[in-house]
Amino acid sequence: MIFLGAILAIAVTMSLALVRALLGPSVYDRVLAVNMFGTKTVLLLSCMAFVAGRSDYLDLALAYALINFIGVLAVLEFFRQRERATETPEGHIRHPKPATAHAHAHADTDPATDAASGASEAAGDSEPGA
Amino acid sequence: MTGLLSGFILSLCVLVALGAMQARNLFTAVMLMGIFSLLVATEFLLLDAPDVALTEAAVGAGISTVLLLSALALTGEKEQSRPVHQGVATFVIVVTAILVVVATFEMPLLGDPSAPVQTHVAAEYIPMTRDLIDIPNIVTAVLASFRGYDTLGEVIVVLTAAIGVLFLIGPDAPDPRRGAAGSPRITEGLKHHQPLRIVGKAVIPFILLFALYVQFHGEYSPGGGFQAGALFAAAIILYGLLEGRPAAASIIPPRVLRMMAAIGALLYGGVGVVTLALGGNFLEYNVLASTQTTAQQIGIIVIEAGVGITVAGVLLAIYHAFAARGRA
Amino acid sequence: MNFILDYFNYWIFVVLLLIGFYAIITRDNLVKKLLGLSVFQAAVFLLFISAGKVDGGTAPIVLGGDWDAVFTNPLPQVLILTAIVVGISTLSLGLAIVVRIKEAYGSIDDVDAMARGGDLRPLIGRRPGVNGDTPSGNSSP
Amino acid sequence: MNWVDILCAAMGIAGGFFVLVGGIGALRMPDLFTRMHAASLTDTLGSLLILSALMIQFGLSLATLKLVAIAIFLLFTSPVASYALANAALLSGHRPIVARGDQPDELDLDDLLIREPELPEAGADGVRPEQNR
């Protein structure tokens, strides 16, 4: 019962993070929410281990913490590959500010991006539905 | 209190599943499936199944996210098509729903000790584990000894799936883009992020250590070959993400991984052959040593090692196949 | 009301099962179908694990040699533990097929149209080695 | 309830409070970077408080060692993951909302960002040949 308050707060925070993951709007928000959710799961499991009186459940919490980190890195690697493979990353920016367009233009003049887009054109990287 | 928490987790499960299925962007769907997997794993723990929860966390939330993302990098993340067959689908769903709900009324209540599932063979396993095998983790005892044939079959299925994946997209499969002029050379990983590299590389040995702990302490705490194999694979994949896939391939070359996948299954089957040669039945561990519990424990440790080797080899071979596809 | 709460976990499993099933039928995108399959699969896993739960029981790992405690049924846990690993193997096999379809047809949506076209040649592909498929010295433009 | 339990309950509630604040911040803040800020900062403190309370409750045992491992792990990976995520978001063209002036582009972040170095010419670099076989 000692950790009732903590468990309650963690459970509520899990649902808040979930709402953020469902709402988005950008993919980065979702990744942030997934990361948060993972941390909260680790805490919840640790508390559950205490409540159940079984310290072997802590192995699980440890495994979750490790796996969560790998998940975030996999996402970052995915972003990096996408930046390389496609000229403009599509569908992940719904920023209300007009600055977005400018930022994009800026990114397009970046030599690295140019090189990558040239490469993907040369490869005939077929877009879906083309 | 556990019941309330369980209900809460299950409700979140439904929400996330709905969100994942509705998302038009497949990346979003994969992210939500990661959360879904964590929720399901937590629910497994609430239902007193720590071994299953550990497997789901390592495999479902970790490896499966990595594999789905590397597949999405190859196939694109936008869902182009609109939902189809909605009328037919609604009809099928309603019929299925009615059938399943009617069947549900026949189900015993959650936690009923007199439910049919509790009263037959399962009730025998616990005292038999105490008398014949004497290891604290009953799940491991059932997995590796009482239902050893079953697990051997599962290991073979996992191996077969990996063979299928390697036939389809492995290094020997036809790949129109490999070596073609201008194909993207994505080999560097996250090397340019110095903080990630430092922290990540500091963490990898601990993941490997933890994997070994889960493997060899699996008779005493949640764990075993399946979980340890997945965690070991996760550690190597982490290295591959940080330093680029070729670096990971230079630690354990894919050739060795394929051999590992086969050797693990062979080790498992080999124990069966040895017991046959010693005059027992297939996978009858009792002939391995003079006292029964020692013989059983030897058998369990060896076949769990086989399972771990196979699972690690299979998952890593699959990771390499996806990550190397279409790259120069 | 009591009756709804008694069977609450079963209702959730039914709902999850149907969500997955609906996605498998109505989504043409192949990756989405596989994700639907995962949800469906998770519902079955949850059903099995909850079948093994015993009131007042604890996880089937003996603490401190106390063999007389009430334990949750280990059998469904064993079945599902292996099924999860088999599940990811089949998922990756499915993804491998999807990747090949994408390479051959340029799309992973609208599979019916591909099937009607009946042209399987792109899937068969070229033999390795034809396309400069040597381990080194590749990718020179 | 002795004073240790009361201390642990207080730490648990304080940790829960910070975790909750982080959750509310992640939901209510106006843009990605403020959300990230809310989430990652409170995460660290909240997690540490809750885990320390658990450590005190478990006493000197293997469980405490595992909790220490979890705490250290979260302490290192969580900020690093936040950093990398923010970097990826900035690289992709997200810009934080700044209060002064209406031109967020005045914020020149280019020198701060860590970009992937350009790939060298094929064959001329030190990348190992593929080891697929």
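These legends cover close-up views of a predicted model. Residues are numbered from 1 along each chain as its sequence is written, chains are lettered from A in the order in which they are written, and side-chain values use heavy atoms, without hydrogens and water. Local features need pLDDT of at least 70, side-chain atom pairs count only at pLDDT 80 or more, and totals for chains use all residues.

**View 1. Chain C and its helices.** Chain C has six helices and zero strands; helices are DSSP runs of H or I with at least four residues, strands runs of E with at least two, numbered from the N terminus. The pattern along the sequence is α-α-α-α-α-α. Of the 141 residues in chain C, 53% are buried (under 20% relative accessible area, 1.4 Å probe, protein chains only).

**View 2. Thr96(B) and its contacts in chain C.** Thr96(B) sits in helix H4 of chain B, residues 86-104. Its relative accessible area is 19%, so Thr96(B) counts as buried. Thr96(B) touches Leu18(C) and Phe21(C), leaving aside residues up to four places away in sequence. Contact here means heavy atoms within 4.5 Å.

**View 3. Cysteines without disulfides.** The whole structure has zero disulfides over all chains; a disulfide is a pair of cysteine sulfur atoms within 2.5 Å. For Cys47(A), the nearest cysteine sulfur is that of Cys8(D), 11 Å away. Cys47(A) is buried, at 0% relative accessibility. For Cys13(B), the nearest cysteine sulfur belongs to Cys47(A), 19 Å away. Cys13(B) is buried too, with a relative accessible area of 0%.

Methods
Buried < 20%, exposed > 50% of the residue type's maximum accessible area, 1.4 Å probe, protein only.
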